[in-house]
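Here are some exercises to work through with the model open beside you. Try each task before reading its solution.

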Amino acid sequence: MTEERKLIIELIKIFEITDVDFLGFSITKDNPIQYHHIVFKEKGGKTTLDNGALLTAKAHFIFHKIVRNNYILSKKITREFKKLNESKTPPDEKYFETINNYLLIYEEKNKITRKRVK
């Protein structure tokens, strides 16, 4: 098992991730969970628990599009990832409300389908 896979398993346990990722995207067989570097590897980010966020393949792709197209928005979302990671507690309704509000900015200009957290 790779180190990244071990970290994914540990992050799933810490944050009690079951059906949606850190951006609220549904985890499915066709949209599996991935490790996202909060501080990108290219910027010196390490593959560690403290630098990890759990994103599905689709969310990961979309987040990197946000990084390219709306730097300020990507920084706001990254700040939420960091706060969640530092808390070492599962994402709550307030967290997902904040994330949803940020993603609405992106969704208004782009078509994405994402299961909303109830």
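Helices (H or I, at least four residues) and strands (E, at least two) are DSSP runs, numbered from the N terminus. This is a predicted model, in which local features need pLDDT of at least 70 and side-chain atom pairs count only at pLDDT 80 or more, while totals for chains, interfaces and linings use all residues. Residues are numbered from 1 along each chain as its sequence is written, and side-chain values use heavy atoms, with hydrogens and water left out.

**Exercise 1. Work out how E1 and E2 pair, and how covered each strand is.**

Step 1: Look for bridges; two strands pair if DSSP finds at least two bridges between them. E1 is joined to strand E2 (residues 52–56) by five bridges, and the two run antiparallel.

Step 2: Pick out partners. His-36 is bridged to Ala-53 in E2, and Gln-34 to Leu-55.

Step 3: Judge the cover of E1. Strand E1 (residues 33–37) has four of its five residues buried, so it is largely enclosed by the rest of the structure.

Step 4: Do likewise for E2. Five of the five residues of E2 are buried, and the strand is mostly covered. Gly-52, Leu-54 and Thr-56 point one way from E2, with Ala-53 and Leu-55 pointing the other way, and all are buried.

**Exercise 2. Describe the packing of H2 against H3.**

Step 1: Two packed helices are described by the angle between their axes and the distance between the axes. Axes are lines fitted to C-alpha atoms, for helices over the stretch in contact, and angles run from 0 to 180 degrees between N-to-C directions.

Step 2: Read off the values. The axes of helix H2 (residues 57–69) and H3 cross at roughly 130° and come within 6 Å. That makes H2 oblique to H3; angles under 35 degrees count as roughly parallel, over 145 as roughly antiparallel, 65 to 115 as roughly perpendicular and the rest as oblique.

Step 3: Name the residues. From H2, Phe-63, Ile-66, Val-67 and Asn-69 meet Tyr-71, Leu-73, Ser-74, Ile-77, Thr-78 and Phe-81 of H3.

Step 4: Zoom in on one of them. Ser-74 belongs to helix H3 (residues 71–87) and counts as buried, at 3% relative accessibility. Leaving aside neighbours within four places in sequence, Ser-74 is in contact with Phe-63, Ile-66 and Val-67.

**Exercise 3. Is Phe-15 buried or exposed, and which residues does Phe-15 contact?**

Step 1: Phe-15 lies in helix H1 and is buried, with a relative accessible area of 1%.

Step 2: Beyond its neighbours within four places in sequence, Phe-15 is in contact with Phe-22, Leu-84, Asn-85, Lys-88, Thr-89, Pro-90 and Pro-91.

Step 3: Take one of these pairs. Phe-15 and Pro-91 are 76 residues apart along the chain, and their C-alpha atoms are separated by 6.8 Å.

Notes. Buried means under 20% relative accessible area, exposed over 50%, partly exposed in between (1.4 Å probe, protein chains only). Contact means heavy atoms within 4.5 Å.
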